[in-house]
Amino acid sequence: MSRILIVEDDDHIRSALRLMFEGEGFDVDDAPSGEVGVALFNRMRSDVAIVDLMLPGISGFDTCQALRSTSDVPIVIVSARDETADVVLGLESGADDYVTKPFVPAELLARVRAHLRRRPTSAGAFTLGRLQVIPDEGVVRDQDGTELHLTSTEFRLLTDLASVSGRVLSREDLLERVWGYDYFGDSRLVDVHIRRLRMKIEPDPANPTFLVTVRGAGYKLVL
Amino acid sequence: MHRRSLRLRLLITFGVGALLLSSLFASLTYFSVQRLLVDNQQQTDLRESFANAALVRSTLYSSPPALGALLNSIEAATNSSVLVHTHHQWLSTSHGAATSDVSAEIVHAVDNGKVLHQTISRRGKLIFIVGVPIPAVETQVFEVFRLERLEHSLKILGLVLGLGALVTSVIGLGGGLWVSRRAVRPLLNVSSAAAAIADGELTTRLLVGQADQEVQQLTESFNTMVSRLVARMERDARFASDVSHELRSPLTTLTTTVSVLQQHRDELSPVGRESLDLLAADLSIFQSLVDDLLEIARSDAGSLEHVIEIVPVAELVRQSARSAAQRLGIPEVPVEISDAARELSVGVDRRRFERVMANLLGNAAHYAGGAIVVRVDAADSHVTVDVDDAGPGVPIDERESIFQRFFRGRAAHDRSLARGTGLGLALVRDHVAAFGGTIVVHESPEGGARFHIELPRREGAVE
């Protein structure tokens, strides 16, 4: 049984979401604000979180950051705002996915489930310049042994690109592999995560040498 | 309707006005001066004639043989010829005189004892004839003055006045040109500003500056009008956007709740199930409507941010067509890329281009039995994307209106089951325009509808 945290200030939406997820067999914790949500998460250790962006008190962005600072829990933002700036900022603050209101409930369910049942990756250990990536242990280590922190989505993105040994993966390939979308989703998801990953693994994120863009095709990992 | 040019009319009015006025003044001047000069001349000539007649009389009394010499000396002094008539015949004349100048009637009239003077034309020249009777000796003295010098003066006067009138007319024409330019310029400014505003440059205003007072009023009222209209448009657009946005929360509750009900579908009675299906179906239309309305309202308000990326058109169209088909749950449509278009790029917002493809393919699926093929080709400076369907085509009179909001064509009426939002194609046109492109519909060679998109070619790398 999976445990889901719903942070949403609109009572009706929160109740409806609770009903829906309970109906689908989830254990649901819900919170009307970011503060309550973070406290609840720290107590219940939910498996996945749904966060609204416009919240009273601390914002949805801050809530995501607070959750991310202590855990790799998959976070799905559910927001009425769909401007690119919001989407990017939401993903930058640590969310893994972004759904715009009003959403198709089945789609939200599918996304939440996809985040919960990430298949183990088939990639073996490999090195990226000074970095050692060990998928079995789920860690990335620097030469001097310091562990680099990647979220599960970032790790998945990196190992999936590694598993195709230098081939190019299109944005939709990546959405399917990493996010488990069975149809073309929002390519901004991929772009923002790639950027975040570059910040962590590239010596010079502005001129990537490992995680490179292939014009008109997608991304590839140069090993 | 025959439209006349205001400038031309002003110009003609000024030109003709100046010509008429100057001609009138020139003529008045000419005739008054002519009259004055002629009167003067005649008075002088008349007095002279009397004096000369007195001389003739005294000569006739004292020494008649000296008459000829006298007449010649008078002619020499006054440049007029003198003729003396007595007892029905010419007694004597000066050298330059011609008896034919003095008609029989004149002679007869003077013979009756009347002093007579008149101006007549002889051989194309004006002459002034004065006849003075000397009844005591039954003699008549005639003096013929030639008016050549007067005529010459008048000719010069006429010439000068005519020239003056001509110059005045030309100046009037020039003035007309200047005035018409000046008068029409603000109108031209207003018209070009209005055109710019109509083209969507809503920040266009007229310059309030060195304009004349009346024009300044026009400028100010024009600017005020535009500002108010723009404010009104923005308010309307914001309102639509706000409304759609506010609809999102309750709509989210509705769709989620309906999905919960659907989880419990089996527990419902048949009536409940049927009602739920109806509710679910219309809710999804409602959701699309709110989505489209919000998008259109934003586009109107100018707050629709397009993230324009330069992308290879082949990849763009293939992916968009595929994902649109998957999202809509319709069969995938073959995409044909011509060799010429294979390497070309266009500048679009990916998500919105996908929306464009989804709306076109969805429309085809709803109203025209589905799209058959999507073709990408290259033209001069742009890339074309054609979406052909297998339907009956779009009637010629609907080919433009089909892109209007909430337009319901015959196809939509025919199929009550296929219900769209009525905003799909309007949104398509808005988006394509935002990419700097155009979209039209015409007939495909197979007889169906062909939606033809043209997008400008773009150079540059993708990131």
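Visitor: Which residues does Val110(B) touch, not counting residues up to four places away in sequence?

Guide: This is a predicted model, in which local features need pLDDT of at least 70 and side-chain atom pairs count only at pLDDT 80 or more, while totals for chains, interfaces and linings use all residues. Residues are numbered from 1 along each chain as its sequence is written, and chains are lettered from A and ligands numbered from 1 in the order in which they are written. Two residues are in contact if their C-beta atoms, placed from the backbone, lie within 7 Å. By that rule, Val110(B) touches Leu116(B), Gly131(B), Pro133(B) and Gln140(B).

Visitor: Is Val110(B) buried or exposed?

Guide: A residue is buried if 20 or more other C-beta atoms, placed from the backbone, lie within 10 Å of its own, exposed if 12 or fewer, and partly exposed in between. Val110(B) belongs to helix H3 (residues 104-111) of chain B; helices (H or I, at least four residues) and strands (E, at least two) are DSSP runs, numbered from the N terminus. Because Val110(B) has 23 C-beta neighbours inside 10 Å, the residue counts as buried.

Visitor: Across which strands does H3(B) lie?

Guide: Axes are lines fitted to C-alpha atoms, for helices over the stretch in contact, and angles run from 0 to 180 degrees between N-to-C directions. H3(B) runs at about 30 degrees to E4(B). The strands that H3(B) lies across are strand E1 (80-86), E3, E4 and E5 of chain B.

Visitor: In what order do the five strands of the open sheet in chain B stand?

Guide: Two strands pair if DSSP finds at least two bridges between them, and the pairing in this sheet is antiparallel. The edge strands, each pairing on one side only, are strand E2 (89-93) and strand E3 (116-122) of chain B. Neighbouring strands are turned by 25 degrees against each other on average, direction ignored. The order is E2-E1-E5-E4-E3.

Visitor: Which element gives the most to the side of chain A that touches chain B?

Guide: The contact takes 25 residues from chain A and 29 residues from chain B. On the side of chain A, the elements that give two or more residues are helix H1 (11-23) and helix H5 (105-116). With seven residues, the one that gives the most is H1(A).

Visitor: How is H6(A) oriented relative to H8(A)?

Guide: The axes of helix H6 (residues 152-163) and helix H8 of chain A come within 10 Å and cross at roughly 90 degrees. Angles under 35 degrees count as roughly parallel, over 145 as roughly antiparallel, 65 to 115 as roughly perpendicular and the rest as oblique. Therefore H6(A), relative to H8(A), is roughly perpendicular.

Visitor: Which residue in E4(A) is the bridge partner of Val51(A)?

Guide: Val51(A) is in strand E3 (residues 48-52) of chain A, where five of five residues are buried. In the parallel sense, four bridges join strand E1 (residues 3-7) of chain A to E3(A), and Val51(A) is the bridge partner of Val7(A). E3(A) also pairs in the parallel sense with strand E4 (residues 75-79) of chain A over four bridges. There, the bridge partner of Val51(A) is Ile77(A).
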